[in-house]
Amino acid sequence: MTAGLDGDAAAYRMLLERLSQHLRSYYRGRLSRVGRGDFEAEDLLQETLLAIHTRRHTYDRAEFFTPWMHAIARYKLIDYLRHTNSSYRDVPLEDAGELTSHADHDGVESSIDLRRLMARLPVKMQQAIKYVKLDGLSVAEAARRSGMTESAVKISIHRGLKALSAVIRPEHKT
Amino acid sequence: MKTDDLVNMLSTNVEVVDQRLVSRTIAGAIAVGAVVALGASLVMLGGRTDVWTAEALGFMIAKLAFAVAVAALAFFYLTRFARPAGSRRGSIALVALPFVGIVGLAAISLANAPAGHWQVMFMGNEWLECLLSIPIIAIVPFALVVWAVRQAAPTDLRRAGALAGLIAGGLSAAGYALHCTADSLPFVAIWYSGTIMLCTLAGAVLGPRLLRW
């Protein structure tokens with residue numbers, strides 16, 4: 001994680017891949033107890049990954065990583081259940097062992113349609129995210145193509161991902 | 001969307017992250033909030049005019065010290081509670097320290113005064129003004145601190161909201177102290193503490209709605 005915070009993309013990718021596996025099995029286990037399927041677990045997993053990414057500045061390097069990640073995972077689970085009308089409100093504290101088990105990776109797709117959600121963002125944010133995060137261009141290159149300054153591109157990516165993680169959340173059903 | 005695609009997207013061109021962003025954002029919000037609270041009190045209520053006598057100055061400094069201590073302790077805890085799992089270490093009970101202190105000092109000052117004066121010492125002439133002013137002045141600082149905490153990732157929304165309310169109450173009380181001429185410690189112990197706690201309670205109630213992410 002610390003390497004990822006310093007901008008090491010390979011280390012960061014590895015971290016997210018491992019987190020995906022852990023969190024997938026965690027969410028599938030929890031949601032299956034309340035009769036929710038794997039698709040919902042995948043939605044929740046993706047929402048949580050996006051949250052971990054956009055809020056990774058809240059991780060304090062002096063602390064352990066697992067409790068930080070686990071607190072987000074649990075927070076997102078409770079939030080998800082609460083806002084999708086579940087009576088399963090009291091999620092007990094789990095031990096870390098459940099988080100470290102591996103689930104099979106069978107490629108379930110979430111119901112989240114990234115391109116549709118992206119279309120809701122301002123054009124600048126769409127462009128910045130598309131160039132830098134999807135097409136893999138450098139920030140400088142993206143700035144040249146879109147006619148924005150480099151810092152504007154960075155800010156657009158940052159705000160765009162935050163906005164995505166906001167629209168990805170389950171809506172209030174009350 | 002496949003989760004692999006999301007992971008790909010997120011780990012492409014990863015930005016370096018600023019480690020001190022959480023504390024800095026909250027501190028910035030508090031600084032602006034303090035200016036707003038002090039300004040609001042001076043402009044709307046007016047500073048006290050008798051501040052140049054030693055006794056009045058002493059009381060004003062005491063009130064300011066109490067209010068600043070409340071806000072400073074709450075800030076310290078909020079930098080933890082604004083982060084996931086931030087509540088794991090230590091107890092939050094220390095935020096009560098300034099309140100215990102002021103109640104202790106108030107008790108001493110009551111013990112040294114004749115019982116006939118107690119009524120005036122408790123109520124002063126402006127308890128109603130204090131009761132209204134502190135929560136009203138606290139609104140803008142509260143909004144600023146809540147905005148700052150929303151940039152972080154609190155997982156205990158009720159406590160984080162309460163701490164935001166506590167900070168706003170402390171800042172507001174500091175502003176109000178520039179105006180308040182009720183120079184008695186029991187007055188401060190009851191009305192300042194009471195209104196700050198009211199702000200804290202409001203923060204705890206609003207926290208889960210305002211801080212959700």
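Visitor: Where does UniProt place the feature "transmembrane region" in chain B?

Guide: The UniProt record, an unreviewed entry, puts it at residues 21-45, 57-78, 90-111, 131-149, 161-178 and 190-211 of chain B. Keep in mind that this is a predicted model.

Visitor: How much of residues 131-149 of chain B is helix?

Guide: That span is 95% helix and 0% strand. Its end C-alpha atoms lie 27 Å apart.

Visitor: And what about residues 161-178 of chain B?

Guide: There the chain is 94% helix, with 0% strand. The end C-alpha atoms of 161-178 are 26 Å apart.

Visitor: Switching to chain A. How many helices and strands does it have?

Guide: Nine helices and zero strands. Read from the N terminus, the order is α-α-α-α-α-α-α-α-α.

Visitor: What share of chain A is buried?

Guide: Buried residues are 38% of the 174 in chain A. As for contacts with a separation of 6 or more, 67% of those in chain A join residues 24 or more positions apart.

Visitor: Which domain does UniProt list for residues 113-164 of chain A?

Guide: The record, again an unreviewed entry, gives "RNA polymerase sigma factor 70 region 4 type" for 113-164 of chain A. In the model, that stretch is 77% helix and 0% strand. Its end C-alpha atoms are 11 Å apart.

Visitor: Let's look at H7 of chain A. Which residues there are buried?

Guide: H7 covers residues 123-134 of chain A. The buried ones are A:Met125, A:Gln127, A:Ala128, A:Ile129, A:Tyr131, A:Val132 and A:Lys133.

Visitor: What do the buried residues of H7(A) pack against?

Guide: Within chain A, they pack against helix H6 (114-118), helix H8 (139-146) and helix H9 (150-167). Helix H1 (3-10) of chain B is another partner.

Visitor: On to the interface. How many residues of chain A are in contact with chain B?

Guide: 41 residues of chain A are in contact with 26 residues of chain B.

Visitor: Which elements of chain A give two or more residues to that side?

Guide: Helix H1 (2-5), helix H2 (9-33), helix H3 (38-54), helix H4 (65-83) and H7 of chain A. H4(A) gives the largest share, seven residues.

Visitor: How many residues on that side of chain A are nonpolar, polar or charged?

Guide: The side of chain A that touches chain B has 16 nonpolar, twelve polar and 13 charged residues.

Notes: Residues numbered from 1 in each chain as written. Chains lettered and ligands numbered in written order. Predicted model: local features only at pLDDT ≥ 70, side-chain atom pairs only at ≥ 80, totals over all residues. Buried ≥ 20, exposed ≤ 12 C-beta atoms within 10 Å, placed from the backbone. Helix = DSSP H or I, 4+ residues; strand = E, 2+ residues; numbered from the N terminus. Contact = placed C-beta atoms within 7 Å. Nonpolar A, V, L, I, M, F, W, Y, C, P; charged D, E, K, R; others polar. UniProt positions renumbered as here; feature names shortened; annotations may be inferred.
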